[in-house]
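Biologist: I would like to learn how to read a protein model. Could we take it feature by feature?

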Amino acid sequence: MLREDKKTIILFFVFFLFGSSLSLAAAHADAIYRLRFLWSNNFQLLVKIAIILAFCFLIFQLLTRKMSIRWILKLIYGMIFIPILLLPVFRCYFKVPYVFCRVCPDRCPWGMSRAFVFSSFLILNLSGRFWCTSLCPFGAFQNCQTQISKQNFKLPLRDYFSVYMVLLLTAWMYSLTLSGSQALAYFESVGYKWMGVTVFIAALILIAAFFIPRFWCRYFCPVGAIAELISGLKRRFMKSEISK
């Protein structure tokens with residue numbers, strides 16, 4: 001059996017090398033040709049099978065109260081979902097990635113699977129934030145960063161304050177696609193290109209996670225924000241039931 005520190009190092013370097021290689025490939029003009037498998041129906045099928053299996057793993061955990069191969073699952077799910085979650089940073093038609101997939105003229109793997117994948121993440125999180133704690137590659141990578149650096153700085157913000165702001169901003173941007181607002185044109189890029197601001201922000205988040213535990217998850221991730229909202233409502237409901 002591998003020790004926990006060795007598992008952490010393996011996850012960190014596999015995710016870092018794979019993500020870096022994917023980012024370099026996505027930065028080139030012929031990225032769609034180089035990474036064409038990620039745009040294929042076979043990859044979409046693989047993603048759907050992985051999501052279905054995730055629900056099976058959740059049921060298994062609920063029945064047995066254990067998940068002894070969790071680090072292996074993080075490794076496998078990282079290799080599948082890192083391309084989906086990372087490519088919009090480098091290959092988005094819009095200035096702000098992830099949000100405007102509904103009206104995108106040339107969808108990336110995230111845009112192709114977004115509706116199914118995002119809703120699945122939320123449902124999996126209904127039970128103990130299963131997606132965030134067990135399978136999410138961003139969460140797994142940030143946990144590795146925390147364990148490697150062992151730093152524990154805190155921002156002068158209440159937990160989840162900023163992530164709620166990000167969630168509201170994301171909801172507002174998505175509403176532009178529903179209403180057909182002319183303001184949507186402001187966010188359009190001139191075709192696919194390297195988006196320096198987005199990449200710079202992503203790099204800052206990556207570096208900050210070495211010093212602030214789970215920096216992305218705690219302060220930016222909309223999936224985590226929705227999970228925290230649901231958890232808060234469940235706690236309030238339980239308290240109200242106990243007080244009756």
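Biologist: In which hand does α4 pass α5, left or right?

Modeller: A crossing is left-handed if the near helix is turned anticlockwise from the far one by less than a right angle, and right-handed if clockwise. Here α4 passes α5 in a left-handed crossing. Before we go on, note that this is a predicted model: local features need pLDDT of at least 70, side-chain atom pairs count only at pLDDT 80 or more, and totals for chains, interfaces and linings use all residues. Residues are numbered from 1 along each chain as its sequence is written, and side-chain values use heavy atoms, with hydrogens and water left out.

Biologist: At roughly what angle do the axes of α4 and α5 cross?

Modeller: Axes are lines fitted to C-alpha atoms, for helices over the stretch in contact, and angles run from 0 to 180 degrees between N-to-C directions. The axes of α4 (residues 70-90) and α5 (residues 109-124) cross at roughly 115 degrees and come within 10 Å.

Biologist: Which residues make the contact?

Modeller: Contact means heavy atoms within 4.5 Å. From α4 come Phe81, Ile84, Leu85, Leu87 and Pro88. From α5 come Pro109, Trp110, Ser113, Val117 and Phe121.

Biologist: How many helices and strands does the protein have?

Modeller: Both are DSSP runs, numbered from the N terminus: helices are H or I, at least four residues, and strands are E, at least two. This protein has 11 helices and zero strands.

Biologist: Why does the protein count as being as compact as a globular protein of that length?

Modeller: Compare two values. The radius of gyration is taken over C-alpha atoms, and the globule rule is 2.2 Å times the number of residues to the power 0.38. The protein has a radius of gyration of 19 Å, close to the 18 Å from the rule for 244 residues, so it is as compact as a globular protein of that length.

Biologist: Does Asn41 count as buried or exposed?

Modeller: Buried means under 20% relative accessible area, exposed over 50%, partly exposed in between (1.4 Å probe, protein chains only). Asn41 counts as exposed because its relative accessibility is 67%. Asn41 lies in helix α3 (residues 41-64). Across the protein, 43% of the 244 residues count as buried.

Biologist: How many disulfides does a search of the whole structure find?

Modeller: A disulfide is a covalent bond between the sulfur atoms of two cysteines. The cut-off is a pair of cysteine sulfur atoms within 2.5 Å. The search finds zero disulfides. For Cys136, the nearest cysteine sulfur is that of Cys132, 5.9 Å away.
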